[in-house]
Each structure stands twice: as C-alpha cells, then as structure tokens.
Amino acid sequence: MPETREWVPQSLARAIQRRRTPRHARAGRRRGRLHRRILAYRDVEIIHAPAPVAEAHSLLLVYTRRVVGQLTYEVCEQCASGLITEIQVTAPLRDSGLGTRAVSHLRACYPDVAWRSCLTQRMTRDLAHRMRMPQARTRRTCAHAQG
C-alpha cells in the first residue's frame, strides 16, 4: 500500500505513541518517602523493654520481628521529670517519622512528666527541637537522683 500523508504504517504509529508508565512497573505500588512513612505508622510496633543501664528504660521499634529503632529514657515519677538519653533509627527508615512517633508515644504513656533531652547527634537534636523538648545540661533525671 502506498504511503500517503494521512496514512502511517501501524508499526510506526505504535512507536510514536509514548508509554505513560514504565514497561515493568508494578501497578499500585507505593515508593519512596510516602511508603516509608505509611510503613512506619502502620506496621511498626512500639514495645517497652528494660534498657541495659539499670535505671533506664527503653522503647523498641519493631517491624516484623526485627528491631528498627530504639529510644532510651529515664523517668522520675516523684518530681515528674524525664530525660531522653538516646534515639536510634535504622538508615532506611530514618526520615519516616519513627522518632516523632516514639517520643509522642512516650509522652502519652507519661502525661504528667516534663521531658528533656540530652541528645547530641544532629538528627536527634533536630527531633528534640521539633518536639519542643528543652536541652538537658546534665544526664541526671532530677535533683534527688543519685550519681
């Protein structure tokens, strides 16, 4: 068949049409930052556990039998003060909001406690600033604590 202006071979017409999705993309799959945030709020469990230090407690952030984060804290219920000493979150879930969720959970468990932080790493300092926790000068929880 001769080629005219209105008629284009079918193989060429298919080549001209561009794909809107990648050829091997899986339909309905979430990716990136939004996926990590949804996973952090839906699938990660927060478990209370004793910390290696005698006076401290810890929150473990668990995703399918694997610990993906930990928050270590000390609390004195006599003077209603608490100190967050350490927050660790694994690298893939670092900016997913797990640290904020752990601190919020801690505040919900101890509603009458005034929390401070002695966090020194950049990520944890920023978290303490966002959560409006004052910086602790010393690692002691309260005035009557020993040590």
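Predicted model: local features only at pLDDT ≥ 70, side-chain atom pairs only at ≥ 80, totals over all residues.
Thr 72 touches Ala 51, Ala 56, His 57, Ser 58, Leu 83, Ile 84, Thr 85 and Glu 86, leaving aside residues up to four places away in sequence. Thr 72 sits in strand β3. Its relative accessible area is 8%, and because buried means under 20%, Thr 72 falls in the buried class.

Eight of the eleven residues of β3 are buried, so the strand is largely enclosed by the rest of the structure. Tyr 73 of β3 shows both pairings at once: His 57 stands opposite Tyr 73, while in β4 the bridge partner of Tyr 73 is Ile 84. Both His 57 and Ile 84 also turn up among the residues that Thr 72 touches.

Now for the sheet as a whole. It is open and made of five strands, in the order β1-β2-β3-β4-β5, with mixed pairing. The edges are taken by β1 (45-50) and β5 (114-117), each of which pairs on one side only. From one strand to the next, the twist averages 30°. The parallel part of the pairing includes β4 (residues 81-89) and β5, which are joined by four bridges. In that pair, Gly 82 stands opposite Trp 115 of β5.

With a relative accessibility of 85%, Arg 65 counts as exposed. At the other end of β3, the hairpin of β3 and β4 has four residues between the strands. Ala 80 lies in this loop and is another non-glycine residue with a positive phi, about 55°. Ala 80 is partly exposed, its relative accessible area being 29%.

Stepping back, the secondary structure of the protein amounts to four helices and five strands. Of the contacts in the protein with a separation of 6 or more, 50% are between residues 24 or more positions apart. Of the 147 residues, 32% count as buried. The accessible surface of the protein comes to about 10900 Å², and carbon and sulfur atoms account for 50% of that area.

What about charge pairing? Side chains of opposite charge can pair when their charged atoms come close. The count here is one salt bridge. It links Asp 43 with Arg 42, the closest N and O atoms being 3.0 Å apart, and because the cut-off is 4 Å, the pair qualifies. Arg 42 is exposed, with a relative accessible area of 54%, whereas Asp 43 is partly exposed at 29% relative accessibility.

A disulfide is a covalent bond between the sulfur atoms of two cysteines, and the structure holds zero of them. As for individual cysteines, Cys 109 is partly exposed at 36% relative accessibility, while Cys 118 counts as buried at 11%.

Methods
Residues numbered from 1 in each chain as written. Heavy atoms only, no water. Salt bridge = Lys/Arg side-chain N within 4 Å of Asp/Glu carboxyl O. Buried < 20%, exposed > 50% of the residue type's maximum accessible area, 1.4 Å probe, protein only. Pairing = 2+ DSSP bridges. Helix = DSSP H or I, 4+ residues; strand = E, 2+ residues; numbered from the N terminus. Axes fitted to C-alpha atoms, helices over the stretch in contact; angles between N-to-C directions. Contact = heavy atoms within 4.5 Å. Areas by Shrake-Rupley, 256 points an atom, 1.4 Å probe, with all protein chains shown as cover. Disulfide = S-S within 2.5 Å.
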